[in-house]
Amino acid sequence: MSDLEAELPTAFDPFAEANAEDAGAGSKEYVHVRIQQRNGRKSLTTVQGLKKEFSYNKILKDLKKDFCCNGTVVEDPELGQVIQLQGDQRKNVSNFLIQAGIVKKEDIKLHGF
């Protein structure tokens, strides 16, 4: 039995380096701008991942004023605070966040169809 154990190759993980690189890449925080379909043509735009030091209510107030839509700040147990806006405002929100200096362009992820 000891001869067989000596002949077996040791366990080699070919993805060990890739997993180590992903751990470092996952530490970067992104702002996710998503669209969620509601009834028929109605949709919601959600903004998640903003830093906690920002006042979500003030950002929401400016977004609502600029885009002429309604919105709210929702507290999610997993994601924290999430801004919700009526309609498909993904491009508008991303441009607003970049121009206001809240987020850099490379830190925004746009999701949706």
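In which sense do S3 and strand S4 (residues 80-86) pair, and over how many bridges? S3 and S4 pair in the antiparallel sense, over 6 bridges.

## Basis of the model

The structure is a predicted model, in which local features need pLDDT of at least 70 and side-chain atom pairs count only at pLDDT 80 or more, while totals for chains, interfaces and linings use all residues. Residues are numbered from 1 along each chain as its sequence is written, and side-chain values use heavy atoms, with hydrogens and water left out.

## Overall architecture

The protein has 4 helices and 5 strands, arranged along the sequence in the pattern α-α-β-β-α-β-β-α-β. These elements are DSSP runs numbered from the N terminus: helices are H or I runs of at least four residues, and strands are E runs of at least two.

Of the 113 residues, 29% count as buried; buried means under 20% relative accessible area, exposed means over 50%, and partly exposed lies in between (1.4 Å probe, protein chains only). The protein exposes about 8600 Å², of which carbon and sulfur atoms supply 50%; the areas come from the Shrake-Rupley method with a 1.4 Å probe. Among contacts (heavy atoms within 4.5 Å) between residues at least 6 apart in sequence, 50% join residues at least 24 apart.

## The sheet

The 5 strands form an open sheet in the order S3-S4-S2-S1-S5, with mixed pairing. Strand S3 (71-76) and strand S5 (108-110) stand at the edges; each has a single partner strand, so one side of each lacks a neighbour in the sheet. From one strand to the next, the twist averages 25 degrees. Two strands are taken to pair if DSSP finds at least two bridges between them. Strands of a sheet pair through backbone hydrogen bonds, either parallel or antiparallel.

Within the sheet, glutamate 75 stands opposite glutamine 81 in S4. Helix H3 packs on the sheet, where it touches S3 and S4, and its direction makes about 10 degrees with that of S4. Such angles run from 0 to 180 degrees between N-to-C directions, with axes fitted as lines to C-alpha atoms, for helices over the stretch in contact.

## Aromatic rings

The whole structure contains 1 aromatic pair. Phenylalanine 67 and phenylalanine 96 form this pair in an edge-to-face arrangement, at 6.3 Å centre to centre and with 80 degrees between the planes. Phenylalanine 67 belongs to helix H3 (residues 56-67) and phenylalanine 96 to helix H4 (residues 90-99), so the pair links distant parts of the chain, 29 residues apart. Rings of Phe, Tyr and Trp (its six-membered ring) pair if their centres lie within 6.5 Å; planes under 30 degrees apart count as stacked, over 60 as edge-to-face and the rest as tilted. Phenylalanine 67 is buried at 18% relative accessibility, and phenylalanine 96 is buried at 14%.

A further ring, that of tyrosine 30, has lysine 109 over its face at 4.6 Å from the ring centre. A charge sits over a ring if NZ of Lys or CZ of Arg is within 6 Å of the ring centre and within 35 degrees of the ring normal.

Serine 43 lies in strand S2 (residues 43-48) and is buried, at 12% relative accessibility. Not counting residues up to four places away in sequence, serine 43 touches Ile35, Gln36, Gln37, Arg38, Leu85, Gln86, Gly87 and Asp88.

Histidine 111 is found in the segment after S5 and is partly exposed, with a relative accessible area of 28%. Beyond its neighbours within four places in sequence, histidine 111 contacts His32, Val33, Arg34, Ile35 and Arg90. Histidine 111 and threonine 46 are 65 residues apart in sequence and 9.9 Å apart in space, C-alpha to C-alpha.
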